[in-house]
Amino acid sequence: MSKVKNRRLKVVGKRVPRTEGADKVTGRARYIDDMQFDHMIYGATVRTTIPRGRIVSVERDTAFDWSGFTWVDHRDIPGKNIVAMIVEDQPFLAVDRVEHQTEPVALLAHADRARLAEGLKAVRITYQEEPPVLDFETATEVLKELSIARGDLAAGLALADKIIEGTYRTGHQEQLYIETNGMIALPGANGFPEGVTAYGSMQCPYYVVKALEKLFRLDRERIRVVQTTTGGGFGGKEEYPSIVAGHACLLARKAGVPVKMIYERHEDLIATTKRHPSIITWRAGVKSDGTLTAIDIDMRLDGGAYMTLSPVVLSRAAIHATGPYRTPSVRIRGRVMKTNTPPNGAFRGFGAPQSQFAAEVHMDRIAEVMGIDPIELRRRNLFQTGDTTATGQVLHDRVSADEVLDKALAKHRVAHRRSKKTKKLAGTGIAMFFHGSGFTGGGEVRLASRAGVELLPDGVRLLVGSTEIGQGTRTMLAQIVAESLELPYAFVKTIDPDTAQVPDSGPTVASRTCMIVGTILQRASAKLRIELGPYKSGDDFKKRAKALLKKRGTVVIIDQYEKPGEIEWNDETYQGDAYGAYAWGCNLADVEIDPLTYEARCTAFTSVIDIGRAIHPLLAEGQIEGGTLQGIGWALFEDVVMKNGVMQNANLTNYIIPTTLDAPHIAVEIVENPYPNGPFGAKGVGECPIDGPAAAIVNAIRDASGARLDAIPATPERIMKVLG
Amino acid sequence: MKLTVNGQAHAISAAPGKRLLDTLREDLKLTGTKEGCGEGECGACTVLIDGEAVNSCLVPTCQAEGTKILTVEGLAQNPRWRKLQKAFLECNAAQCGICTPGMMLSACALPPQPTLQQIRVGLAGNLCRCTGYVKIYDAVKKALG
C-alpha cells in the first residue's frame, strides 16, 4: 500500500459522476413501487390498536365478501415467529400478547387495492386491556444496562472547585426517508420453488436474509434478497425492512403469486422505528480554571416495546457521552427502558447525537457558571493526540479537535455575513463532537464482512453487499477500486446488491462502509493486481484480463475484514479501543428569535469535520450538509407527539421537517488527516454531521435570548415557557 | 379522456376521480413521478400542467383533460431542461433521488435566471431529506442562473 500513498491519486478525491446518477435525473431509476411482476397482488397489515393487553379474538366480518383475499396470521408461519435481531423477543405477527400499538397481527392480500382497504376495515380484534407503561422516565423494566468507568470518580470530584449538574432531554425523531418502506415478495428463489425472494427498499440485504431463514426455516440458498433503488434510509431501513419482507413473503408463499407491500406515509410514521428519546444527567467536577476533573453521566433511553438494536444504540451513546473531552475520572451509566410504544431503533448517529447534545449544552452551562468563555472552556478540555477516552482507548492517531475548532471559527466569519440590524434576538452557538467509525468494540470482528471484485474483459465488477441509499456508496467504492487498480473510474462496474450474487459485506450502517468495506475492496484489488501481473495502461489491463479469463474461466477475488493489529477490545470490562478511528467536528450556528412569536430560526451554519480523506469531496459535502439539516430539524421542529403509545401527528402536515425556507446557509469544510488503516486515509462521514447541530442551536438560543433550554425541539412554546 | 404528456397525445379510460399520479404511473407507465406522502405535502409527485407546478397526487385526472403535462421523462426533450438534469447530476443534487423528479419539475416553473430567494420560495413545496438543499441550489443556479 505504501506505493499507493506516494503517487498522485487519479480517481480518489475527484468529482466523478455518481454511478446511478443519470438514472435518477431521468426518472429511469426503479424504486420498489415502480416495479411490477406478472400476477402481482397487494398486501397490507392488520395492526393492534391498544398499547398493552391480551388478544381475545381476531375476527373477520362474516358479512364481508372475502373472495379473492389471502389471509395470513401467526399460524401460517412455518419457522420461528421471531424477528431475528439481538435478542429473540419480537414476533412477526402477534399471537396473544400486545406490547404496543401498531403491532402486526395479521396480513391481507388482494389484487385490488380498494378492496384490500375495505378488507382491513372488516377485521375486528378484541382485547383484554392492561395498563400500559408509556413514560420511559418512570418506567421500571430495563431492557439493557451498561456502565463504563475509568479512574477514581470520588477523587476526581474531590479535586473540583465546583460540581455542576444538568439534565437534558431529547424526543423521538423520525428518519423520514421520502420513499416509504416497501417490498415485493415472490414465491420461490434460486430455482427452489419452496424458497422466497424479496425485492425492496433496505439498507441491509443480509439482515433480511437472516430474518427470512428463521421465519421460514429455510437454508440460505433458498432465499434471495435484492435491494432496489432506495429512497433514503438514515437508519430507518436498517432493521424494519426485515419485518416488511417477512410479511410480504408470508403472503406470497400462501397466495402463490408475487405480493407488493408499500407502506403509506401514515403507516410508516406510526409503525416503524424512530430515534430513541433520551434523558441524560451530567455531573461535572470543574476546577476554577475550567479543567474537568470528573464526569459522571447517567442516561436513560426509551427502547419501546422490544429490544431491536437498543443495546448497541446505548453502547454508542455511552461511549460518546463525554463529548470530545478529557478527564481523569469518568463514570457513564446507561439504561434502555421498556415502554409499550413502537420499538425505537437505528437512526443516523445511533445514540451519539443524544449523548453529545447533553454534553455540549452542559459545556455551555459550565462555561457560564465558571465565567469562562465557552470556546476557551472547550479549548482547555479538548482531547489531544495521546489522550485516553472513557473506555481507556489511547488516541494514537492524530486528534484534530483543536484544528476543526480553529477552522470553524475562521470559516464562520468568512462564509456568513452577519445579518444587518434586526428586531429579532440574534446569537451564535457552538458544539463540538467526535464520532467513531464502524461497529463498536468487537463488532467488526464478529461481522467478518466480505467483499470483492470479479474480473471482466474490460474492467472489474464490484461484488459487495453494501447498499446505495443516496449517500454515494456505490460511487465511492468504485473510486476506491479504480484507484487501487490504477484504472479509470469507468472500468469499474457495479450491480444492485443481490444476495444470489454478492457476499455479505455487513450492514450499511455505522459510518462503516467506506472505512471497513473500502479497505476490504482495496485489499481484494491488490490481490487481483498480483494475479494479473503488471500492466502499463487500461488497454494493457484489458489484454491481460482477457488472457487470464481465457485461462481460468472466471476470476473472482473475495476478501474478508481483518482487524488492524493494534485494536484491542474487552467486551466484559467495556474497556479498550471502542472504534478504529474517530471523526472530529465543530459546528457553529447563528440563530434569530422573533421576540413576539418566540420562533427560533437558524440563519447560518458552519460545519467543519475531519473525515480522514474525502474519497469524493462532493458526496462527502452532501453527507455533511444533509446530516446537518436533519440535525437542525431535530433541534427546532421535529416533534413526535405520542398519545396512548401511538404517534398523533403522523403526516407531513404536522410532523415538520425543514424545507428550503427553513434551511440556513450551510458552510462546510472538510479536514483531511488521514487514518492509516482507512482506504487512502478515509474514516467515516455518514453519521457525525448530526451529532452537533442540536446543541449548537440550543446554545445559540441561550446566547440570543438568555433562554436556557434543556430539551429539544426548541419550539416557540418551549422558548416562551423558559423566557416567561 | 385525452391527455398530452411530454408532447405525446394519449387517450385513456380511467375513473375521472383517479389521481393524476396513478394515471401517469399505472396507465401510462411513467413511473418517474413519485409518491412520497399522498397528501400534497412533500412534492415528490410534482409535474407541470400547462407550465404550472402541481402535486399530481391532489389532481383528479379529469381536471388534467386537454392540458399539456410535463413529467421527468419529458425533460430531455428540451435543451434547457436537459441542462437542468445535467446540473443535478454534476452538482450531486440527487442523492437518494426520490425527490429529484419533483424537485426538477418545480425548478422548471421558476422564473428565468432565478435569484437564490426565488429558488428557495419556488422549491419550498419539495421536501428533500438527503441534501440539506445546498447542492440543489447549486444545480438550479448552474442550469438556469
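**Two interfaces, one between chains and one within chain B**

In this predicted model, 50 residues of chain A are in contact with 41 residues of chain B. The area buried between the two chains is about 3600 Å². Carbon and sulfur atoms give 56% of that area. In chain A, the residues that lose the most area to chain B are Val25(A), Ile178(A) and Thr660(A). Together they make up 21% of what that side buries.

The rule finds 7 salt bridges between chain A and chain B. In one salt bridge, Lys34(B) pairs with Asp34(A), with the closest N and O atoms 2.4 Å apart.

Which helix gives the largest share of the side of chain A that touches chain B? H16(A) does, with 9 residues. By class, this side of chain A has 18 nonpolar, 18 polar and 14 charged residues.

Now turn to chain B itself. It is divided into domain 1 (2–73) and domain 2 (75–144). Their C-alpha centres lie 20 Å apart. Here 16 residues of domain 1 are in contact with 15 residues of domain 2. The two domains bury about 1200 Å² between them, 60% of it on carbon and sulfur atoms. Thr46(B), Leu70(B) and Val72(B) supply 35% of the area that domain 1 buries against domain 2, more than any other three residues.

Between these domains the count is 0 salt bridges. The rule does find 6 residue pairs in polar contact, both residues being at pLDDT 80 or more. Strand E3 (residues 46–49) of chain B gives the most to domain 1's side, with 3 residues. That side divides into 7 nonpolar, 6 polar and 3 charged residues.

Key: Residues are numbered from 1 along each chain as its sequence is written. Chains are lettered from A and ligands numbered from 1 in the order in which they are written. This is a predicted model: local features need pLDDT of at least 70, side-chain atom pairs count only at pLDDT 80 or more; totals for chains, interfaces and linings use all residues. Side-chain values use heavy atoms; hydrogens and water are left out. Contact means heavy atoms within 4.5 Å. Buried area is the accessible area (1.4 Å probe) that two parts lose on being put together, summed over both. A salt bridge is a side-chain nitrogen of Lys or Arg within 4 Å of a carboxyl oxygen of Asp or Glu. Helices (H or I, at least four residues) and strands (E, at least two) are DSSP runs, numbered from the N terminus. Ala, Val, Leu, Ile, Met, Phe, Trp, Tyr, Cys and Pro count as nonpolar, Asp, Glu, Lys and Arg as charged, and the others, Gly among them, as polar. Domain bounds come from an automatic or database domain assignment. A polar contact is a pair of N or O atoms within 3.5 Å; within protein, one must be able to donate a hydrogen and the other to accept it, and residues adjacent in sequence count only if both atoms are side-chain atoms.
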